[in-house]
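Subject: Structure for you to look at

Hello,

Here is the structure I said I would pass on. Please open it alongside this message; my notes follow below it.

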Amino acid sequence: MPSLRKWLADPVWLVVLALGAALIGPSPSAGEKGTESEASARLIAAALEGPVSAYKGRMITGRWKGRSSMAAEEVNVYYSPPGSYRYEYLSPSGQTEKVVLLDTARSGIEWIKSGSGDFCEAKNPPLLISPERERRLALLNYRAGAARVDRLLGRAVFVIELTPRIPGKPRQTVWLDKRTHVVLAARRYLEEGGFVELSQFTSFEPCQRIPSAIFEGRQASLMDQMPEGDAGRTMMAEVIRSNPKPLSLPGGFSLRSVDVFEVDNSRVQHFQYTDGLMPLSLFQSERPLELSGDAITKLPDNAVMAEVSGGRIRSWRRKKSHYTLMGDLSPDLIERIAFLVR
Amino acid sequence: MSEINDNQELLSAYLDGELSRSELKRVNKLLAVSEECRRDLAALRRAKALIRSVAREPMPLDLMISLQAKGWEAQRIQKAQAVPSPIWYTAGAIAAVVLVSVWIRNALPTRKSPLPLGPFLAAHSRYHMDSSLHQGAMMASNFSEAIDAKFKKVAR
């Protein structure tokens, strides 16, 4: 009987072993899938960076309020690289009712106009994280599925599913224009089923150039009180120093910015968190929040959970302050976040 | 005519006992020589007796109320036209301060009264819009109510 070494040295067995290894090893389809997912992630990254060419179009945006009604609006959108947007919100008669001008290249500057009034300059609070970090957060927190090719508005699009890596957050589907990388449609689905938000172009037209005048709000008459630059950062640092908050929260959220506003002569601090795609608000106030209606659940320690048009709310009191979390999160995840903030 | 009026006044004063000694001598002379003066005196005496008897009758109630009302109205007008003394200024100022304090205490929300949900939702929407727009309209949250909230904040 030939020895085992001889059997294995036989070229015939070598071929058999090679075939077996090929059969039980990683399949080509699996490797291809991973590559496709990476390609989708690159597409999403390109979309988040913003389009490289000018376009104009009309969009419908909508958000379900509860389970019985949806608020929807029509918006004319104009874009010119590297980051100038003009949004014209239309009235039911099709007239331009409100205008928002945004320059992402100069982060934090916006011009808004309502009715026939002049433009107002509105400064957003300074960002604590860079746009690059925010984009990385999105790719870290969401898994991009393999892109599916489809057609929308007569154009070739990639359809990509974005699934949260941490349960308890909505998944999203985006329809990405193959040529310009503009998001032609997006839907956000709640974890328990059903979509909660949508935006979709009803017309879309890439342009060589859009006149720069429509992106300018020269007739500004009012100024926001939010300090900009170093003064804004100093104010924000003061708020954070006097009310320390975690820089990151369960669910992959990072502190993005801090704003302050007043309600009924009472100061409210607004800590704004993001996971790269979805906002989460944490409010701190001296007085409690008035919550009423059927969709309220009372929790231990006088805490309250409620479902409102802005998402899910969890409100509680600690020492002399009242805290409110607001976002499209599952009860379990919002509970974990509240536990950490407490 | 003037003499007759003078005699009437003398006779009236005679009945009221208000004449001097010389005037009394003069009236007594007149009454002694003049029948007309005696008739005038009798008429005056009757008239005065009639007036006294009427004055003793009780005043009708409606007349009394009417007169009282006119009196109060006159008193009110008189007070309104009168210049208040400095002490009334001080008292009025103190009363006004007390009233305003009570009003403010009742009108303004107490420290622990609940805050309305609306501004919180608007702030969240605004943040939602800001973050979405910065991502190049990646998400569907461009609601004009968020713009309204932003506009109110700017205009404040």
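**Strand pairing in chain A**

Strand S15 (residues 266–274) and strand S16 (residues 279–285) of chain A form an antiparallel pair with 7 bridges. Within it, A:His270 has A:Phe283 of S16(A) as its bridge partner, and A:Val268 stands opposite A:Ser285 in S16(A). The hairpin of S15(A) and S16(A) has 4 residues between the strands, and A:Gly276 takes a positive phi near 105° there. Please keep in mind that this is a predicted model. Its scores are ipTM 0.77 and pTM 0.65.

S15(A) also pairs with S14(A), again in the antiparallel sense, over 9 bridges. A:Leu255 has A:Tyr273 in S15(A) as its bridge partner. In this hairpin there are 2 residues between the strands, and A:Asp264 has a positive phi near 50°. S15(A) is mostly covered, with 7 of its 9 residues buried.

These strands belong to an open sheet of 8 strands in chain A, in the order S13-S14-S15-S16-S20-S19-S18-S17, with antiparallel pairing. Its edges are strand S13 (248–249) and strand S17 (296–298) of chain A, each of which pairs on one side only. Helix H6 (residues 331–341) of chain A packs on the sheet, where it touches S13, S16, strand S18 (304–308), strand S19 (311–318) and strand S20 (321–327) of chain A. The direction of H6 makes about 30° with that of S19(A).

A:Val258 lies in strand S14 (residues 253–263) of chain A. Is A:Val258 buried or exposed? It counts as buried because 22 other C-beta atoms lie within 10 Å, and the cut-off for a buried residue is 20 or more. Leaving out residues up to four places away in sequence, A:Val258 touches A:Pro125, A:Met236, A:Val239, A:Ile240, A:Gln269, A:His270, A:Phe271 and A:Gln272. A:Val258 and A:Pro126 are 132 residues apart in sequence, yet their C-alpha atoms are 7.9 Å apart in space.

The largest nonpolar core has 72 residues, and those with the most contacts inside it are A:Ile160, A:Leu176, A:Val183 and A:Leu184. Apart from its neighbours within four places in sequence, A:Leu176 is in contact with A:Leu43, A:Ala47, A:Val157, A:Phe158, A:Ile160, A:His181 and A:Val183.

**Chain B**

Chain B has 7 helices and 0 strands. Of its 156 residues, 24% are buried. Among contacts in chain B with a separation of 6 or more, 34% are between residues 24 or more positions apart.

Helix H2 (residues 21–33) of chain B has 13 residues, which at 1.5 Å a residue should span 18 Å; the end C-alpha atoms are 19 Å apart, so the two agree. H2(B) is hardly covered, as the count of buried residues in it is 0.

Confidence needs a word here. The pLDDT of chain B averages 68, and 49% of the residues score at least 70. Where pLDDT is low, the predicted coordinates should not be read in detail.

Regards

Terms used:
Residues numbered from 1 in each chain as written. Chains lettered and ligands numbered in written order. Predicted model: local features only at pLDDT ≥ 70, side-chain atom pairs only at ≥ 80, totals over all residues. pLDDT = per-residue confidence, 0-100. Pairing = 2+ DSSP bridges. Contact = placed C-beta atoms within 7 Å. Axes fitted to C-alpha atoms, helices over the stretch in contact; angles between N-to-C directions. Core = buried A, V, L, I, M, F, W, Y, C linked by C-beta atoms within 7 Å. Buried ≥ 20, exposed ≤ 12 C-beta atoms within 10 Å, placed from the backbone. Expected span 1.5 Å × (residues − 1).
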